[in-house]
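Good morning, and thank you for coming. Please look at the sequence and the structure on the screen while I speak.

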Amino acid sequence: MLDFASRSARWVFAATFLVLAAFLGFPVFWMVSTAFKPTAEIFVRFPTLLPAAPTLDNFRGVLGQGDLPLWLTNSLLTAGGAALLTTVLATLAAHSFARFRYRGRKPLMALMISAQMFPFAVLLISLYPLLQAAGLLDTRLGLTIAYIVFALPTGTYMLFSYFVRLPEELMEAARIDGASELGILLRVVLPVSVPGLVTVGLYSFMWAWNDLLYAMTLVTSPELRTVGPGLLMSQLGEMRQDWGAAMAASLVASLPVVIAFALVQRWFVQGLTAGAVKG
Amino acid sequence: MSLAIARQPARQAPRPGGLARAQARTGLLLVLPAMVVFCAVILFPFLDSLRRAFYEDTLMTTEPVFIGFGNFVQLWEDGTILGTWIVTVVFVVLATAATFALGLAWAIVLNERFRGRTLVRALSLLPWVLPSTVVAFLWAWLLNGQYGLLNAVLLTFGVLDEPVAWLATSSGAMAGVVAAKTWLSIPLFSAFLLAGLQSLPREQVEAARIDGAGNWHVFRHVAWPHLRPTIAVLLVLGALGNLQQFDVIYAMTGGGPVRATTVMSVEVQRQAFQAWNLGLAAAVGVVWFLTIVGPAFLRLRGVMKEA
């Protein structure tokens, strides 16, 4: 789009690139660098960019004595469960919205989409006593169910956008072959919708994995703690002001979702921004 | 916060007439599980939370007692709600504006060809993927009063004589959480804007070039009009998301110092689950909802046009 014939255009472009790349990249670089530094190199007024004597001590500390593996397991179970539930529910609902015509379809969709303006923190005021009454407060299952809140409306809408663009002929052909509606969904729609399904699953997973608010409110037992509150409370507690350990723990806690994201990144961005623009 | 936006026309499926009823039944059956769960964990809790705003419900009360607008009167008399509201609006406006401006610049950069572009595009999504606690830690560490990098840089260049405990000052803490949230959401904004730029027909740019348009003209009169719908949706989405923001703020500052970064979400959580005054928390929630309903309505209207 831009024209780089003039020298000033090249300079402005290069400067913008460098400033933004540094702003986006540097904090991550600093986390990694700090995580590998021995304590003596961390608590200095003028730190060096790279560790002079790189060490794994910080990682040994957080993985050995800390509860990090436990938090990671809990996060994996709750976020994974929420992603699975959300994707299944959203798929059924989106298929219904995209392929069927019935009275109440539009109001139901509007209701679901309008849920995006229900503040998550406000929902908690009622979710808390509700889960308590069901005996699900302070359980992994309860947190998993609560996590559906984050992504069900958006996920349904994302998949609706995806399904509605599939050619109707695809379904008609299967219908003529005598396939049931469920068969059409499973054998015709889903196989060609993998990017959309992955996007919704990962979106839901990331919301849950990154969550602090629900996890710290709905779960109190240390053995059920997830990554977000786990990190925060250890930082407020025994790991206090141990920035080497905090950065090492942050790095480890980030890895699973970064890896998951790297694997499906291409699909995800496509699915997310699909239909964001005309054409 | 939601991310999906679509503008495609919904297809009107041609259906044989006699099957209409069976179709409707299957359709309703498919949507049923999601609707049941939706009502149980989203709709009912939401309405129930709003209802609680009119009840006195604290650790001292055995049963919630209906008190009409009592909680709202108390909120007003406490004098904190206006401050919380202002802090929320300041945070939302600053974070959304900064994210938009920088995200747009970054999208324009990523739209150009250069070596390693694919890798840079992939890597630049990283901030958005990190757990919010981690984002908070990163920025708290960068802004640390004693050993933080920002202080080291500013001291080196002689901007400061003494290290500053940024997060311990009101404006420093606000700037800190805005910076962290901006950093975290730039990837998302630029992904959307980049998708918009990529769909800009090349011929339009070339035609403008032939007419002698410079870079600024191309941006202002070709790219910007094309991006407009995306920008409108993105700003609403971004504002809604920032209005929801709890995690990064809470983990970075806990809403402090004093109440300098206590936004609505932090206030609701604090009133409900630290002070255990569910009624008062719900009243804050009502005020919050009234704030959110404007932008949310805009979004809803845009979306429903396609259904």
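In which loop of chain B is the place of Pro257(B)? Pro257(B) sits in the loop between helix H11 (247-253) and H12 of chain B. Helices here are DSSP runs of H or I with at least four residues, strands are runs of E with at least two, and both are numbered from the N terminus. The peptide bond that joins Gly256(B) to Pro257(B) is cis, with omega at about 0°.

Before going on, I should state the conventions. This is a predicted model, in which local features need pLDDT of at least 70 and side-chain atom pairs count only at pLDDT 80 or more, whereas totals for chains, interfaces and linings use all residues. Residues are numbered from 1 along each chain as its sequence is written, and chains are lettered from A and ligands numbered from 1 in the order in which they are written.

Next, confidence. The pLDDT is the predictor's confidence in each residue, from 0 to 100. Chain A has a mean pLDDT of 86, with 95% of its residues at 70 or more. Residues 275-279 of chain A, however, have a pLDDT below 50, and this stretch makes 16 contacts in the model beyond near neighbours in sequence. Two residues are in contact if their C-beta atoms, placed from the backbone, lie within 7 Å. Where pLDDT is low, the predicted coordinates should not be read in detail.

Let us turn to the meeting of the two chains. In chain A, 97 residues are in contact with 94 residues of chain B. Helix H13 (residues 243-273) of chain A supplies the largest share of the chain A side, 13 residues. That side has 67 nonpolar, 20 polar and 10 charged residues. In these classes, Ala, Val, Leu, Ile, Met, Phe, Trp, Tyr, Cys and Pro are nonpolar, Asp, Glu, Lys and Arg are charged, and the others, Gly among them, are polar.

One pair of helices spans the two chains. The axes of helix H6 (residues 120-133) of chain A and helix H12 (residues 264-273) of chain B come within 8 Å and cross at roughly 15°. Axes are lines fitted to C-alpha atoms, for helices over the stretch in contact, and angles run from 0 to 180 degrees between N-to-C directions. H6(A) and H12(B) are therefore roughly parallel to each other; angles under 35 degrees count as roughly parallel, over 145 as roughly antiparallel, 65 to 115 as roughly perpendicular and the rest as oblique. Among the residues of H6(A) that meet H12(B) are Val122(A) and Ile125(A). The contact of H6(A) with H12(B) has six nonpolar, two polar and no charged residues.

Asp138(A) lies in the loop between H6 and H7 of chain A. Although Asp138(A) is not a glycine, its phi is positive, at about 60°.

How do H7(A) and H10(A) run, roughly parallel or roughly antiparallel? The axes of helix H7 (residues 140-163) and helix H10 (residues 194-210) of chain A come within 9 Å and cross at roughly 160°. H7(A) and H10(A) are therefore roughly antiparallel to each other. Their contact has 10 nonpolar, five polar and no charged residues.

Finally, the record. For chain A, the unreviewed UniProt entry lists several spans as "transmembrane region", including residues 12-32 and 184-209; such annotations may be inferred rather than shown by experiment, and positions are in the numbering used here, with feature names shortened. In the model, residues 12-32 of chain A are 100% helix and 0% strand, with end C-alpha atoms 30 Å apart.
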